[in-house]
Amino acid sequence: RATIEGLLQLHTPDAYAKAKKQLWDRYGNDFVTANAFRKRIHEWPTMRAGDGKALRQLSDYLESCKAASRHVTGLESLNSATENNVILRKLPRYIVDRWRRVVDVRLYEPQDGHTASYPSFAEFVNFLSKEARVACGPVLERSDDPSTSRRAGSANQHRKENARAFFSSGSSDGRTSGPRRG
């Protein structure tokens with residue numbers, strides 16, 4: 001915004017053209033845009049097993065890369081096995097093993113009419129999006145998921161505190177209320 005703010009104050013066609021050119025040079029150049037997408041992928045943090053939220057964030061970002069790759073020249077490099085391996089190094093082992101099986105089928109058991117080839121970036125993103133959906137699904141909370149184990153831990157702690165309070169309260173005749181401990 002600061003780049004073009006002064007130019008827009010001038011209200012002339014020349015100032016508008018200069019502002020547009022500055023924006024294009026900075027944000028519209030396909031080479032710069034493609035490098036920015038790839039740089040963010042390369043800098044993405046490694047994720048722990050069971051961190052469905054982090055997996056979903058990565059898959060959402062890769063979905064945006066997939067959409068941009070249809071319009072931004074320079075992102076076709078995301079189809080290479082080398083770029084794919086950059087992303088795979090950031091994923092939990094169990095997902096890498098599942099992807100390895102997908103690649104194996106594509107390379108060694110191609111379907112009729114298809115040649116053996118490494119899966120496309122779009123296929124990888126679709127695979128990862130499904131893995132993220134499964135990891136974040138409502139069917140069963142994983143015990144090794146840090147967000148659910150903290151909640152379960154605090155719920156168990158709350159129950160223990162209530163149990164202690166239940167046993168420590170006394171009735172008016174001096175007996176403790178609740179079941180007797182044996």
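This is a predicted model: local features need pLDDT of at least 70, side-chain atom pairs count only at pLDDT 80 or more; totals for chains, interfaces and linings use all residues.
Close-up 1. An α-helix has 3.6 residues a turn, so residues three or four places apart point the same way.

**Close-up 2. Start and span of helix α3.** At the start of α3, a side-chain oxygen of Asn29 comes to within 2.8 Å of the backbone nitrogen of Phe31. Helix α3 covers residues 30-43, and its 14 residues should span 20 Å at 1.5 Å a residue. The C-alpha atoms at its ends are 20 Å apart, in agreement with that value.

**Close-up 3. The aromatic pair of Trp44 and Tyr61.** The model has four aromatic pairs. In the pair of Trp44 and Tyr61, the ring centres are 5.5 Å apart and the planes lie at 25 degrees, so the pair is stacked, the cut-off being under 30 degrees. Trp44 sits in the loop between α3 and α4, and Tyr61 in helix α4, 17 residues apart. Trp44 is buried at 13% relative accessible area, and Tyr61 is buried at 9%. Together with Phe37, Trp44 and Tyr61 form one aromatic cluster.

**Close-up 4. The aromatic pair of Trp99 and Phe127.** The ring centres of Trp99 and Phe127 are 5.1 Å apart, with the planes at 50 degrees, so this pair is tilted. Trp99 lies in helix α6 (residues 93-108) and Phe127 in helix α7 (residues 121-135), so the pair ties together parts 28 residues apart in sequence. Both Trp99 and Phe127 are buried.

Conventions: Residues are numbered from 1 along each chain as its sequence is written. Side-chain values use heavy atoms; hydrogens and water are left out. Helices (H or I, at least four residues) and strands (E, at least two) are DSSP runs, numbered from the N terminus. The expected span of a helix is 1.5 Å times one less than its number of residues. A polar contact is a pair of N or O atoms within 3.5 Å; within protein, one must be able to donate a hydrogen and the other to accept it, and residues adjacent in sequence count only if both atoms are side-chain atoms. Rings of Phe, Tyr and Trp (its six-membered ring) pair if their centres lie within 6.5 Å; planes under 30 degrees apart count as stacked, over 60 as edge-to-face and the rest as tilted. Buried means under 20% relative accessible area, exposed over 50%, partly exposed in between (1.4 Å probe, protein chains only).
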